[in-house]
Amino acid sequence: MKVRTPFSLFTVFIALLALIVIFPISSYAAKDKIRIGTAISLSGPYSAGAGMTQIPNYKLWVDEVNAKGGLYIKELKKKLPIELIIYDDKSDTGTVVKLVEQLILKDKVDFILPPWGTAMHFAIAPVINKYKYPVIGPTISSEKLREIAHKVPYFFGMLNMPREQAAGLVEILEEVGVKKAALIYVADAYGIEWSSKVAPELGLKKIDMPIFKSYPLDTKDISPLLKTIASADVDAVLCMSYPNDTFLITKQMKEMGYNPKLLYLGVGVAFPVYKQMFGGPDVIEGIMGAGAWNPKVPYPGAKDWYDRHVKKWNKEPDFWASAFAYASLQVLEQSIEKVGLDRKKVRDYIASNTFPTVIGPVRFEGGFNVQSPGEIGQWQKGQFEIVASKAKRTAKPIYPKPPWPPEKAK
Amino acid sequence: MNSLSTGKYLPNPRIPVLFSAAVLAAALLPLIMDPFTTISATNVFIYIVITLSWALFSGPTQYISIATAAFFGIGIYTSALAGELMPFPLVVCLGGVVSFVLALLVGLSTLRLKGMYFTIFTFGLSELIRHFVLWWEVVMTGTVGRWVVSVDPIPVYYTMLVILVVTISFCFFIGRSRYGLALRSIGQSEEAADHMGINITAVKINVFAITAFFAGATGSTMATRWTYIDPSIAFNPLFSFMPVLMAIFGGIGSITGQIIGAAVLTLLADLLLTEFPYYYMLIYGIILVVVILFLPGGIVGLWDSMKKRRRTETNENT
């Protein structure tokens, strides 16, 4: 008689353990390449931003470095090519933390490239710090992270922060003579932090703020709020917005025919798609937005990088954080070629030097780039011109904003 | 209830021995395996616990709850708020207790709902809590995200192991207790169960709340690994749907099936995610559809039918 083993709890446990044990058989090889890993959003709400701002630059950089034979490593006295490992974090912080640990512990990568967006940077900062991997984050704009930067010395922030940006923005308002402004913001980390810096700045410059309101992240109709603003008779409308609401506000303002003298929106204005999505460049003439980079900036290599990006991907980079993402790779490249693959040394080198990049000289103070205060751009004749700060200007701000062009007959 | 301790309901005397052996092996795992294996195993444990806790109530009673994310998220927020105030094990217990209390209150007010109404309500509940927390954070604290005190992978692993062992034991014993019988009779005919003298409301509410305890404790534990949370992360509806899928995938009727379903799907997701980042969702979806279409009893159902066939074959041969 055959003995039947009951397929029960213990079998499950054994099978489970076996699976876990067999699962992560990783390979070890001699050092013939530099492994760089990233967990970034290929799916989910952050994937649009990641696919615009970071991933094209990661791939461009790796291809370029490998085309010239790799990064020169001093201790080995030779060039090593880069192998890039990309995982999908599903726009989920739990997944990004786990995948970053997988990259570090299982894939044993030499360096980590950051994911996209403020929340994701928040999530990985303690992890990369624990394993002592230097990471330069290009898409985080948060005062809260700056406050705890001393606790995560391996994390560096590249993008401009609300504090400086707010000052830069309000400076323009003062310059052009805005007396009354409405401030609205998306109820997400970005909007909350930005509005909390812009509001007091307006007060300091004695600019009236009759409207100061938030709206939820996934708003589908914002016209009631816009009507309230229109009836308040303000000079400037300032929206601390994320791409989806940036597009929505622009569209609904145009439909209403409400044309304030100055319109500022947050992330999204500097995206190349913005130029076309409302019917061409003359529709968005005079709109201001977060981000200030265009190929006219005087930094070495800037125009060249722009051309290479357009050539490789057949599309323009965005004028918000794309250049910052590429610049963070330049900082990493220069540091590795200087001090080798020792991550502690790389971290110290990043923390204490100035780097020439496509966004100008980059220097970190307290973990954050002190490049320039305030980075605001404005669409002028199909170009995203830099209007703040004054020293970086590529054009004078247009004020008041031209009226919306009449709807073309179809 | 003393029948629980007598052991006369244990069908196989080898189970406790082998179960202890498996637990011991799991306890030794971090000592012999590399750190990432421990992290992977922790992830598997989470899904097993939420699947078991979901199936413990929803399986026999057929009250399909999709509120797991609410209890999980409550645990996560407990961890974020209490993480700096008290030691880690206490935080985990507190997360469970808060979820338990919430489930008790919810249960008292809603478990008189039936069928589809109950399901929709539970889904609404987690959305309600998510939006409430979001509103609170934006208006009252002026932020959305929070940091959670980070805990190393090894203590988290052992905490999850303890929660897992407690959950499995609890499910095992309750399935064989009067409570389990009562739950099954509620599932078959609530009126009949009522007429037989079962206090159906009490049974439902108690078991519902206890399952919330496990989900809450798991949330509290995991928050320390995620380190940063906001309302949409903590109350991600995925945590409501995954346990349902996993239980169906493995076989909703048995603890074994639920464990297999959770473990296989978690490991499969991890593998697909890293090996096929661009096709991951597609492959995952196809596998789910195939299993649900062709294996109504889940993986365990397949095993049972194979055993049955083999038995009939051997009978025919003799």
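Reply: B:Cys171 is buried, at a relative accessible area of 5% (buried means under 20%, exposed over 50%, partly exposed in between; 1.4 Å probe, protein chains only). The model is predicted: local features need pLDDT of at least 70 and side-chain atom pairs pLDDT 80 or more, while totals for chains, interfaces and linings use all residues. Residues are numbered from 1 along each chain as its sequence is written, chains are lettered from A and ligands numbered from 1 in the order written, and side-chain values use heavy atoms, without hydrogens or water.

The closest cysteine sulfur to that of B:Cys171 belongs to B:Cys93, and because 18 Å separates the two, they are too far apart for a bond. Over all chains there are zero disulfides (cysteine sulfur pairs within 2.5 Å).

Turning to the interface, 53 residues of chain B and 46 residues of chain A take part in the contact (heavy atoms within 4.5 Å). Together the chains bury about 4800 Å², with 75% of it on carbon and sulfur atoms; this is the accessible area (1.4 Å probe) lost on being put together, summed over both parts. Of the area that chain B buries against chain A, B:Phe36, B:Trp147 and B:Tyr228 supply 15%, more than any other three residues.

Three salt bridges cross the interface (a side-chain nitrogen of Lys or Arg within 4 Å of a carboxyl oxygen of Asp or Glu). B:Asp270 and A:Lys98 form a salt bridge through their side chains, at 3.2 Å from N to O.

Note on methods
Buried area is the accessible area (1.4 Å probe) that two parts lose on being put together, summed over both.
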